[in-house]
Structures are given as structure tokens and as C-alpha cells.
Amino acid sequence: MFQAVSVQILLLLLFGGYAFSEEECVKISVTSCDACIKSGPGCVWCQDVNFTKPGELDTVRCDTRSALLKRGCPETKLINPPSSMQFIKNKPLSDGQAKKDLVQVQPQEITLDLRPGKPYSFDLKFKRAQGYPVDLYYLMDLSYSMNDDLKNVKTLGIQLLNRLKQITGSARIGFGSFVDKTLLPFTDTNEEKLKKPCPPEESECEPAFGYKHVLSLTDNGEQFKNMVSQQRISGNLDAPEGSLDAIMQVVTCENEIGWGNSTRLLVLATDDGFHMAGDGKLAGILEPNQESCQLDKKNMYSKSNLWDYPSVGQIARKLEEKNIQPIFAVTQKVADVYRELSKLIPKSDVGVLSGDSSNVVNLIVDAYNKLSSNIIVTHDTLPEHVSVTYTTCQGQSSSDRGICNNVNIGQEVKFTVTVKASKCIDLKTFTIGPLGFNEKLTVKVRTRCQCECDNIRNNASEHCNRQGSVVCGTCSCNPQFLGQRCECSVGHKDEAALKAQCRKDNGTECEGRGDCECGVCKCHLTEGGSSYYGPHCECDDEHCEKYQNKLCGGNGECKCGRCKCKDGFEGTACQCQKSTEGCIARTGAVCHGRGKCECNQCVCEGGYKGLKCETCHTCTLPCQQSGSCIECLGFKSGPFQKNCPLSCGHLVPNIVDKLLKSDCRVKDQEGCWMSFTMKERDGFNNYTVNILKDRECPEGPNVGAIVGGSLAAVALIGLLLLLLIKGIIYAKDLKEWRKFEKEQQRRQWAKSENPLFQKATTTVANPTFTGDS
């Protein structure tokens, strides 16, 4: 019993919250029907010309339906454009065997006219048709480790095709192979190794390649067997393969592969992991994958060594776009890797191959049955400001995908699709449909952002003072006229200039409390029945601060939003009797002269704190600023000497012989240090200063010592110069003397006899010569 009551309460809360949101209308300065319905899904406009009262703005015409009815708007005068759906194509779902014009989705095309912000729901039906054709493309890893698997696939092709035909009645099969990019470090680029990347003992070996399309989709099993039998194993260096490169080409080359209007299956058979976007940089490949078909005349992937590997996101998006469901037939060692990959790709499955792929037929059949029985409904790229959610066939909560599992052939399932446009948009188109199937619902969506009113197109309407016509209950004025009923002649001013006169500081027109008529505010009545007043209706005498639930505490009058207190009372709400008893400081001053006494409490100013404004934690003594005043007050000198009492009246000086401690030390004009202390007095910047009688001045220069020192320095420099000159001369003379001695030594050696010289052997005497003469 208690559980049943709880459920009822929960449902009431849920539906009550929904009803509240539908009835909610948030509007700001709405003055037209179009602006009203754009404000929110719960907003309704009243087009009754007599709905507004004198002085009321047209804003009151926009509200919730219940509020407008309560105010007296006739039901027939309410403008509330609903969301609606129109069927463009709605063929019934096919029964029995598949036909040429097979229909599995209903409806096929609709147009939605949506109210902005208001969701609209409709049912999408899907029925699995018996005999729906299947296209299966077998993409095989031909690296050397898959040698045994290739031998089995050559013999299992016909068996696989026959099994598929037993299930669907119509099946085609195709084949392609891949290895990896033929660049280091993925493949050995030695010329001989490129031609034969297999081990030496392998006689039949295919040259290294990226991806090769071998056989387009066909229902001829013998042709499949013959083409696959011609394939040879190949090889590469590293463990990961170029699987994603190959998948991208199979998906994008629709014409070459031959994909038809069918269930499209892509079987990837491999025993290793895969390279992904970014790995190409290892080989110097910087250009990202362009997601396009690039098969050459030999059906080889021509951009294998020029484009990087695609990302997993690119692969998932392309598979979903082309309605291709991948089946990853992999060995046990990499099964976990591909299970994680399958989580990122909707409508995909993973099967574990035996060591030689002998179980591949059963693996593919089981995966096909699983994928085709799980229906996932989703949409393509949505227009801006449009959102879509789904409620699944099991009644699960809304999400961005509709999922139904274990759907049998011939079973009809229904999804509730909810579309919402948050803003006004032009006609946009998107599609909704089950993944893996080509049938789609085309949805054309537009918004209803204009009112369809019973307009009175009469430029001489009495309601508009014969200067305009009635549009959705309001006046559309002729040129040169404006106002709620076209009562204002613009003259030489434009409408914007007149309205600007009604705005205070570029704010709201007449503060939202009046109507702007010809540039003058006509104020509305207040809630209490009095009138707003002021040039911009900014004043009223009802909204002042209250004290003890009394306006202005009962001790004053409310004037333009502020309390004007009676004699003997003060405060923002006149809540206090005037008194300074609690504000008197020990000095006798009120708040030490640093604040005001309000309600018997000090309201401090200038950074002062405390009960009586006695302290200021952020204030510092003005030592340097007081230097000139200290000089004139204490020493009768300085720039303020002539008008010292006038300039320095805020300081009370005391000349003392000794200071226990000095708060300030400042230089005067003569360069002497003045020491003094400063103590605050009441008020701001008032101090008592104790000035030390004696200044610290530097002593004058000793002229005698300076002159004597200068003469001594000159004499010393002269003596040093003489000694230096003497030393230079002595060194030069010494050098010359030693040179002279060396020359003397050479001269003595020259006087010795030459050992090669021989004296003359013949002596001739002059007969006339005698020694005596």
C-alpha cells in the first residue's frame, strides 16, 4: 500500500513539474506578439484590443494562458501557436518477403513546425523484413603469421555464402587484403625484402603492400573461391598492422566495392593489433588521413605511404555514415584489444578465431544474427539549436539513441522521438534511422516564431487615433506617429530620441513604472494606490526601509525611497534616538573626530577602527611630509619660516633636551638631521611633536690641514717623479756601460795574430838608410 502511494506521489510530482514548466512564461520588455511567443513555450499573447487598462503597458498581454484568462482575456483572443507535424511520405511497413520497394521504417518523411523551447514527440516504427539482402566484405590480414588462415579461407568462401543465403535469401560476398605501409619502421625497405618480405623458405610470397581490393561484391561463390585462391601471403616488420587504413578504403570506395541497398557487413580477420592516427610520424608521414577513396587502376591504395593512418573516431564516424557494421574476427591474444575498440564503434561485434580460422563461418553467422537483432536508432548531424532524444521500445528513459535488443524478423518495434528547437530557425533537414540499415526518416524542421492574428488593417482606426492600424491587438502607427495608441506626433525628433528622454542614465524606460508619451513619463500607480513620481518615475513613498515592521520605524516619513526622520531620531529607518553618549572618547571628542555618531555608535572614516575610532592599523606616521614644519617650528628656518603657524597648524610642538626614542629622523635644508616623535591627536592628521633641541650637523672643513696635506702631497709626488727619472737614467747608463764593455772585449780579440798569417821570407834594406840618421 505504502509503495503504491509512493508511486502515485512520484508521478504527481513529475507531471506537476512538467505542467509548471509548460505554464511558465519569462518575459522581459515584450511589446509584440512575435516577441512574446519567442520568450518561452508557456507564453501566450492576448490580442483583445480592450485588454489593457489606461496606463498599462502592452507587456501585460504576454503571460501564461491561465493568467491571461484570469485577467479577463477571451479564450478566442489568445494566440498560442502549437507545434505540429505533417506527413510527407508515410508508406506502411513491408510484410513478408523483401520487395524491391522494401519499407522497414515508418514514417519516411515529415515536416515539423515547432514552437521554440517546446518539445514535440512522435512515434518512429521499425520492422525487420524477412529476406533483407546482405553484403559481406571479407578483409583479411595477409601478414606472414596469417598463412594457415589464408589456406582455410580459400576453401570456406562458398560455405559462408551458402549459409548467408539460407538466412536472408539474398547475399553477396567480396574480398580484400592488407598488410601495412611499405616504409620503415613498418616494413623492411631493402629492395629484396620489398619484393619478398616472407622468410626465405616461403616460395610463394606477395610483395609488400598496404591495401588491395581483390573482388567486388558478388553472389558467385566460385568466383570468390578462384580469386582468393590466387592470393599469396606477404609480410612486414612490426606487430601492429594497417587495419584502419584498409577499413577506411573499404568504407569510402562504395562504387569499387559495390555496396548495395542491404545489410552491410565488414569482416576484419587479423591476428594482431592496429596502427592509428599519429603512428605515421614514425615514418615521416605528416599529412592526416583525408577519408576518401584512393584506389589506383590496380585497385591498390595509392596514398598508403603519403597519408597517416585514420583515427578510431574517423573510422567510427564513417562506418556509421555508410551503415556498415564491422565484425572483428581476431585471435584470442588480441581479442581484448578489439573488444575495447568495439565499444567505440556502434553496431560492431568481436569473434575469436581458431588458430587456423576454421570456425570463421559460424563466427560470422553468429555475429550477423546478434547485430541484426539489436536495433539502434540515431540521427545524423543536427542543425544548430535543435536537439533530439529517444525513448526506447522497452520504455527506458530518454537518451541520444534509441535501443531495442533481441528484435526478431517480422517484429515491429516503436521508438518515441522527441525533437526540440531552442531558438527560432529557418527550414532545416536531418535524418533519423536504425544503424546498419539504409532506410531513414527525413525530418524537415522549422519554427513558429510569427503570430497569426485577426488584424484590422485600417489606417484610420479609432482605437489608434486614426493614425495607425491594429495588429495583434496593439497599434502599428503610421510614420511620424508613435505611442501606445499613436497619440504622439514625432515632429522633428525620431522615436529613439523621444524614448531616450524617458530613460535615466540609459536605463529602463521610465524605470519600468510608467509610459513614455511624447518624451515625457506618465507614471503608474503604486501597489498602495498612490502614484510614482519624478522625471523618470523613479520615486515613490511606499518603499523605504522598515523597522519593527513599520515604515521608517514610525519615526519619520518615506520620501522617494528614503526615510526623512523626525527631530530626535536618526538612522536609515529612523530607528534610533539621537545621542552621542556612546561615542564620547576620553578626550571628550565624538569618535575622536574621526567618524560620525549614528544610533549612539561610531561610524569610522579614513581607515580608522574601534569603538571610538581610536586605531588605524594601516596608517603610518607622516615623518618626511612633516620635515619642513619641524624645521620652522623647532629651528625657525626652512621653506615655511615666514608662514609657519598657517602652514603647520596641525602640529603642536614641544622642544626637548633629550628623546628616549626617536620616531622620525629627517634632514633639513642645511643637511642637519632633525629627530622628533609624533603622537596623534583627535581628528585627522593632527599630531603633538616632541623635537630634539640639538640637530646633528656635519662639522666644517679644516683649511690648514687641507692646505698642508695638499703641499705635502705635491712634494711627495715631485720626489717620486725625481726618483723615477733618476732610476730611468741610471738604468739607461747601466745598459750603455755593459754595451761598452762587450765592445772592448771584442776589440782585444781582434789584436791577436791570425794563425793563417805567415811573415815575409825576404828582407830588403835601403842602402842609403842608416839607423843613425
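Mentor: Before we start, a residue counts as buried under 20% relative accessible area, as exposed over 50%, and as partly exposed in between; please also keep in mind that this is a predicted model.

Trainee: Is Asn685 buried, exposed or partly exposed?

Mentor: Asn685 lies in the loop between strand 36 (673-680) and strand 37 (687-692), and its phi is near 60 degrees, a positive value in a residue other than glycine. Its relative accessibility is 42%, and because that value falls between the two cut-offs, Asn685 counts as partly exposed.

Trainee: Asn323 also has a positive phi although it is not a glycine, so to which class does its relative accessibility assign it?

Mentor: Most residues other than glycine have a negative phi. Asn323, with a phi of about 55 degrees, is placed in the loop between helix 9 (312-321) and strand 12 (324-330). Its relative accessibility is 7%, and because the buried class covers values under 20%, Asn323 counts as buried.

Trainee: What is the omega of the cis peptide bond from Leu184 to Pro185?

Mentor: Pro185 is found in the loop between strand 9 (171-178) and helix 5 (191-195). The bond that joins Leu184 to Pro185 is cis, and its omega is near 5 degrees.

Trainee: In the open sheet with the order 5-7-17-15, which strands stand at the edges?

Mentor: This open sheet has 4 strands with antiparallel pairing. A strand at the edge has a single partner strand, so one side of it is left without a neighbour in the sheet, and the strands in that position are strand 5 and strand 15 (386-391).

Trainee: Within that sheet, which residue of strand 17 is the bridge partner of Lys125?

Mentor: Strand 7 (residues 120-127) and strand 17 (residues 412-421) run antiparallel and are joined by 8 bridges. Through the bridge made by Lys125, its partner in strand 17 is Lys414.

Trainee: What distance separates the C-alpha atoms of Ser469 and Arg485?

Mentor: Ser469 is found in strand 20 (residues 468-471), and at 4% relative accessibility it counts as buried. Ser469 and Arg485 are 16 residues apart along the chain, and their C-alpha atoms are separated by 9.5 Å.

Methods
Residues numbered from 1 in each chain as written. Predicted model: local features only at pLDDT ≥ 70, side-chain atom pairs only at ≥ 80, totals over all residues. Heavy atoms only, no water. Helix = DSSP H or I, 4+ residues; strand = E, 2+ residues; numbered from the N terminus. Buried < 20%, exposed > 50% of the residue type's maximum accessible area, 1.4 Å probe, protein only. Pairing = 2+ DSSP bridges.
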